[in-house]
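Reader: I'd like to learn how to read a model like this one. Can we take it feature by feature?

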Amino acid sequence: MLIRRGSDHIPSSEITPEAVYLNRRKFIGRLGAGAAAIAAGVPLGSQAHAASQSRGQSDELTPYEAITNYNNFYEFGTDKEDPARHAGNFTGHPWSVDVNGHVSKAATYDLPDLLSSFTPEERVYRLRCVEAWSMVIPWQGIPLRDVINYLEPTSSAKYVAFQTLHDPEQMRGQRARVLDWPYVEGLRMDEAMHPLTLLAVGIYERPLLGQNGPPIRLVVPWKYGFKSVKSIVRISFVEEEPPTTWNIMAPQEYGFYANVNPEVDHPRWSQARERRVGELRPRPTPMFNGYGDQVASLYSGMDLTRYY
Amino acid sequence: MAGVLALVPLANIGWDAATGGLGVEPVEALVRRTGWWALTLLVVTLAVTPVRRVTGWNRLIQIRRPVGVISFVYALSHFVIYVAIKQWFALSFIIEDILERPFITAGFITLCLLTPLAATSTRKSIRRLGGKKWRRLHWLIYPAALLGVLHYFWLVKADTRPPLVYAAIVIALLMMRLDLPAPFARKAARSDSAEPAPSRS
Ligand code: HEM
């Protein structure tokens, strides 16, 4: 049975945004822009979706309030509330992104310029944090592969590396060396080119707030949340597996792949279950966060207990 | 006095629970708040005697036992919230945690060490055991505090500064009790026996 906080306990502020959201959907529908994408809905992994429904567990959208007040963004502090508290003035404007490495159109791009040739799509994804909590987030973003195709990497590009802004003036969490700043992440080229992989610019039809990694961030829904690097200032096309921040920090705990895997526990806690933010009772975590149908083939033949 | 102290964390947690200050993940917040208060009050308990010696404020001794008991109450709530809500009574997960995850193992042993101390914290137990035995038993508070700090140190993901602060305080308090000049130590030991004997005020 699914136990929720009684509806009388949910402050109206948590409900409103969904109403706003639905209104905006109608609004967008009237405009005709992106209506098809929204109607086509949601690449929630269909199998896992069915499985969770058969358990009586749904994948309802997490309220905007929770998505914007419970964040791991150590650039603004290590507590979950710190980013909401300290990233208020961080908007990501103006913003440029440095594209380099094995790529034809290497350059420093003004972000709005770079994005002007793409139309953001609507994607509702589960987000599974390595700390065993999860959310369901309606993102707006551009499939990373569209951007990669536009940038034309050469055949030597085997991996894509990403880097977060390093600016202790704005990002007060970076004044302490709790992590090896700047935050870096990376994907194998086939992971980066996978249609599920998104460069997100918005949540609930609003531009990303400071705490969610504006103005542009990665979303890789079958991997633990720390792979989804925020506030990206550099995209590098490289030949070798790039270093990644949490792997540098604790290699026994965080691997390069970081695929959601209920069978490979974190040394300090089980990954077999997760708690959906807003719910009390833990639920089982599906393999690849429920996106196995779409992504399992990327890893066929790999020992996932070794490449965690 | 101690009653008022007991209410501070409760009021803090209760106020936040009522005003939404526990955030969108209240379970996590409750686990962390109760753990933090358990350890903090344990450290306060340890600090009583050294502070009393330095300041000569002898009445301070009266809060030592009650604060220790309150620390245990928080440690126990911490464990109960972990078992009931975080793990949803899933015994296999709980046992796996206690056996295989060092930070949980340390927390569990800490709780086990604190339990007999809390159980013998009444004046009746002190009388029954006798001051010497009672004091020997209650020496367990030192390993308990050290293990509590280890639990904290092992559970943080990146920022180890707060648990290191606790470690420094606990070690300093320990040294203060071990490294006293001999006559002072003897005098202190004697005056410590004021604690097990029911205090008059
Ligand atoms: C069986 C016993 C125990 C279990 C299962 C347990 C479990 C936990 C868990 C799951 C957390 C949260 C970890 C996280 O947020 O990542 C935690 C945090 C904590 N626990 Fe325990 N614990 C136990 C006993 C204790 C005891 C006896 C103390 C203190 C005397 C203690 C002090 C703390 C502290 C200080 C924290 C961190 C609070 C913070 O993050 O500010 N725990 N514990």
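Author: Let's begin with polar contacts: a polar contact is a pair of N or O atoms within 3.5 Å; within protein, one must be able to donate a hydrogen and the other to accept it, and residues adjacent in sequence count only if both atoms are side-chain atoms. Here, the side chain of Gln211(A) reaches the backbone oxygen of Thr68(A) at 2.7 Å. Some ground rules too: this is a predicted model, where local features need pLDDT of at least 70 and side-chain atom pairs count only at pLDDT 80 or more, while totals for chains, interfaces and linings use all residues. Residues are numbered from 1 along each chain as its sequence is written, chains are lettered from A and ligands numbered from 1 in the order in which they are written, and side-chain values use heavy atoms, with hydrogens and water left out.

Reader: Where does Gln211(A) lie, and is Gln211(A) buried or exposed?

Author: Buried means under 20% relative accessible area, exposed over 50%, and partly exposed in between (1.4 Å probe, protein chains only). Gln211(A) has 8% relative accessibility, so it counts as buried. Helices (H or I, at least four residues) and strands (E, at least two) are DSSP runs, numbered from the N terminus. Gln211(A) lies in the loop between β8 (206-207) and β9 (217-219) of chain A. Contact means heavy atoms within 4.5 Å; leaving aside neighbours within four places in sequence, Gln211(A) is in contact with residues including Thr68(A), Phe73(A) and Lys230(A).

Reader: Now helices. Which residues of α4 in chain B are buried?

Author: An α-helix has 3.6 residues a turn, so residues three or four places apart point the same way. In α4 (residues 91-100) of chain B, the buried ones are Phe93(B), Ile94(B), Asp97(B) and Ile98(B). Seen down the axis of α4(B), they fall within an arc of 130°, so they line one face of the helix. That arc is taken from the directions from the helix axis to the C-beta atoms. On the other side of α4(B), Leu91(B), Ser92(B), Leu99(B) and Glu100(B) are exposed.

Reader: What do the buried residues of α4(B) pack against?

Author: Their partners are β11 (273-276) of chain A, together with α3 (64-86) and α5 (102-119) of chain B.

Reader: On to the ligand. How many residues surround the ligand?

Author: A residue is near a molecule or strand if one of its heavy atoms lies within 4 Å of it. For the ligand there are 20, and the closest are Arg32(B), His78(B), Phe79(B), His151(B) and Leu155(B). A polar side-chain atom of Arg32(B) sits 2.8 Å from an oxygen atom of the ligand. His78(B) has a side-chain N or O atom 2.7 Å from a ligand nitrogen atom, and for His151(B) a polar side-chain atom is 2.8 Å from a nitrogen atom of the ligand.
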